[in-house]
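Student: I've got a new chain open and I'd like to talk through its fold. Can you walk me through it?

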Amino acid sequence: MSRWYIIHAYSGFENKVKEAIEAEAKRLGLEQGVERVEVPTETVTEIKRGKKVQTERKFMPGYVLAKLTMTDDVFHLVKNTPKVTGFLGPNGKPQPIPDAQANRMLDTKDETADAPKQKISVDYEIGDNVKVLDGPFASFTGIVEELNFERNMVKVSVSIFGRATPVELEFDQVELVK
């Protein structure tokens with residue numbers, strides 16, 4: 001019976017590990033034992049140069065999810081894959097996770113394909129100088145005072161007639177001044 005396991009891999013090499021496990025399983029004739037290998041990802045909206053950009057981001061960097069029928073051969077195949085440091089579990093022993101938990105991790109990918117979550121990352125932080133791109137304060141510069149990720153809003157202190165005035169804007173209405 002196949003169960004879901006979490007494989008610990010070098011961060012940044014998750015896709016290479018996935019491909020290597022699948023290729024090696026095919027080469028050794030262990031496709032029955034390696035049912036599915038996934039790198040959990042989510043779709044994220046980022047603000048780059050004032051534009052909203054959809055990107056895929058790893059949901060669990062450094063980890064790969066695999067549905068395996070755990071035999072000695074499958075264990076050694078995974079354990080001996082380059083860039084794999086082991087399984088998640090006590091003392092590196094493979095510990096299966098519940099199907100519901102695996103489905104939740106993988107659903108972040110399926111869900112975002114239908115309706116992307118509005119998780120936004122910005123390239124500026126509190127205290128940075130930013131330029132307002134549109135709206136009534138377009139071309140003003142100011143200092144970021146507050147970031148509200150729930151509402152995708154940024155509070156910027158702009159100087160109007162020599163007085164600092166806080167203005168609330170959407171993340172994509174400002175860009176970092178370099």
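Student: Of the contacts in the chain between residues at least 6 apart in sequence, what percentage join residues at least 24 apart?

Tutor: First, this is a predicted model, where local features need pLDDT of at least 70 and side-chain atom pairs count only at pLDDT 80 or more, while totals for chains, interfaces and linings use all residues. Residues are numbered from 1 along each chain as its sequence is written, and side-chain values use heavy atoms, with hydrogens and water left out. Contact here means heavy atoms within 4.5 Å. Counting pairs at least 6 apart in sequence, the share joining residues at least 24 apart is 58%.

Student: Which residues touch the most other members of the largest nonpolar core?

Tutor: A nonpolar core is a set of buried Ala, Val, Leu, Ile, Met, Phe, Trp, Tyr and Cys residues joined through side-chain atoms within 4.5 Å, and buried means under 20% relative accessible area (1.4 Å probe, protein chains only). This core has 18 residues, and those touching the most other members are Ile-7, Ile-21, Val-34, Val-64, Leu-68 and Val-78.

Student: And which elements each supply at least two residues of this core?

Tutor: Helices (H or I, at least four residues) and strands (E, at least two) are DSSP runs, numbered from the N terminus. On that numbering, the suppliers are E1, H1, E2, E5, H2 and E6.

Student: Which residues of H2 are buried, then?

Tutor: The cover over the buried residues of H2 includes E1, H1, E2, E5 and E6. The buried residues in H2 are Val-74, Leu-77 and Val-78.

Student: Why are they on the same side of H2?

Tutor: Take the directions from the helix axis to the C-beta atoms, since that is how the arc is defined. They lie on the same side of H2 because the arc they cover around the axis is only 90°.

Student: Switching to Gly-142: is it buried or exposed?

Tutor: Gly-142 belongs to strand E9, residues 141-148. Leaving aside neighbours within four places in sequence, Gly-142 is in contact with Asp-128, Asn-129, Val-130, Val-156, Ser-157 and Val-158. Its relative accessible area is 6%, so Gly-142 is buried.

Student: How far apart are the C-alpha atoms of Gly-142 and Val-158?

Tutor: Along the chain, Gly-142 and Val-158 are 16 residues apart. Between their C-alpha atoms, the separation is 4.3 Å.

Conventions: Buried < 20%, exposed > 50% of the residue type's maximum accessible area, 1.4 Å probe, protein only.
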